[in-house]
Amino acid sequence: MQIALHNLQRTYGTLHAVNGVSLSIPSNTIYGIIGKSGAGKSTLVRLISLLEQPDDGEIYFDNVRVDGLEGDALIQRRRRIGMIFQNFNLFSSRNAEQNIAYPLEITGTPKGEIKGRVDELLALVGLEGRGKAPISTLSGGQKQRVAIARALACSPDILFCDEATSALDPQTTHSILSLLKEIQQKMGLTVVMITHQMEVVRDACIHVAVLDDGTVAEEGLVTDLFSNPQSAVTKDFLTHLVGVDEAAKGDDRMVQWSKKRGAYTLRFRGDTTDQPILSTVSRASGVDFNIRASGVQRVGDVEIGTMFVDINGTNEQRDNAIALLREIGVVVEEGVL
Ligand SMILES: Nc1ncnc2c1ncn2[C@@H]1O[C@H](COP(=O)(O)OP(=O)(O)OP(=O)(O)O)[C@@H](O)[C@H]1O
Ligand SMILES: [Mg+2]
């Protein structure tokens, strides 16, 4: 299911929670929407999932306009939208299989079919044989698996995950993201992943939109955003991810952080991550590099390196070095934050 948004607006009083969002979300993929707290992510999701009406703008699913649907058409369309949340939203009075059965019951699935379907869903999320477990006895990761199974019960074509892994530890986050990727491929779903964590975008998404103050600050392939971010808010998210922001605040556990001028951010992509670029450029231009922090991470199947350096030399040598770096394909940004 392909989703298109045209100039969506949602205002609460004088607050523009969603302020002119236009996006095209391809079908059969995992699409990330990242933003800080209050950026408008959950509001946007309520609009796209047809829980709330936009004040203005249009929403299309596979080129069919869906905002403004009412009555039975709205109910039918909503049934094919799955949602999972940070706090799982499970019924604590029901056990795992009763939670998963719930949407099947309210959509009138014959009793005889429900049991088989629930078992199938339990297996899909890796909880075979745990159907009778009371919710309170399950770990956070297992609760989210039950929530995923319940969200998939009515065979949705779109799945929204609103901070689905924010309450989980890194290892459990990893296993839930792997499960979501597997299910996405198996079912050909369009998954919209809302998060404030760049790790989630890096590890699960193909495309991403960066939301800031109700507007789209930047949008594109995750690999492009990581290797050549354009907006300040994206760069800020990446800096947090690399973990140098703590060092920048004067915490020297990770790196010795000098405050002098001449600080640059270098971004490497693919091939350039395993070449001795700094030595080459240093020899050719006469500058000295002082590496303050650096790291390489995997984004999809591409390696992306980030390095914070001081470049010491005359202005001319420095300009020369920067030109050489750019020639090799390194993105050079002045400043580190
Ligand atoms: N029903 C509402 N009534 C009034 N204001 C609202 C309502 N829902 C959201 N807002 C406001 O809209 C803005 C965006 O909120 P939203 O929940 O969409 O942000 P978010 O990006 O999901 O944040 P978080 O990461 O904290 O979940 C916030 O300033 C919020 O206070
Ligand atoms: Mg939210």
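The following dialogue examines how terms are applied to this predicted model.

Student: How many helices and strands does the protein have, and what makes a stretch count as one?

Tutor: The protein has 12 helices and 14 strands. Helices are DSSP runs of H or I with at least four residues, strands are runs of E with at least two, and both are numbered from the N terminus. The C-alpha trace spans about 80 × 45 × 35 Å along its principal axes.

Student: Why is Thr265 called buried?

Tutor: A residue is buried if 20 or more other C-beta atoms lie within 10 Å of its own, exposed if 12 or fewer, and partly exposed in between, with C-beta atoms placed from the backbone. Thr265 has 22 other C-beta atoms within 10 Å, and therefore it is buried. Thr265 lies in strand β11 (residues 263-269). Of the 337 residues of the protein, 36% count as buried.

Student: Which residues of helix α3 are buried, and what covers them?

Tutor: In α3 (residues 96-106), the buried residues are Ala96, Glu97, Asn99, Ile100, Ala101 and Leu104. Their cover includes α4 (111-124) and α5. Just after α3, Gly108 takes a positive phi of about 75°.

Student: Why are helices α5 and α6 called roughly parallel?

Tutor: The axes of α5 (residues 140-152) and α6 (residues 170-187) come within 10 Å and cross at roughly 20°. Such axes are lines fitted to C-alpha atoms, for helices over the stretch in contact, and angles run from 0 to 180 degrees between N-to-C directions. Angles under 35 degrees count as roughly parallel, over 145 as roughly antiparallel, 65 to 115 as roughly perpendicular and the rest as oblique. α5 is therefore roughly parallel to α6.

Student: Which residues of α5 and α6 meet, and what makes two residues a contact?

Tutor: Two residues are in contact if their C-beta atoms, placed from the backbone, lie within 7 Å. Gly140, Gly141, Gln144, Arg145, Ile148 and Leu152 in α5 meet Thr172, Ser175, Ile176, Leu179 and Ile183 in α6.

Student: Why are β6 and β10 said to stand at the edges of their sheet?

Tutor: Two strands pair if DSSP finds at least two bridges between them. The open sheet of six strands has the order β6-β7-β8-β3-β9-β10, with mixed pairing. β6 (81-85) and β10 (215-221) each have a single partner strand, so one side of each is left without a neighbour in the sheet. The twist averages 15° from one strand to the next.

Student: What makes β4 and β5 a pair in the open sheet of four strands?

Tutor: That sheet has the order β2-β1-β4-β5, with antiparallel pairing. Arg65 in β5 is the bridge partner of Tyr60.

Notes: Residues numbered from 1 in each chain as written. Chains lettered and ligands numbered in written order. Predicted model: local features only at pLDDT ≥ 70, side-chain atom pairs only at ≥ 80, totals over all residues.
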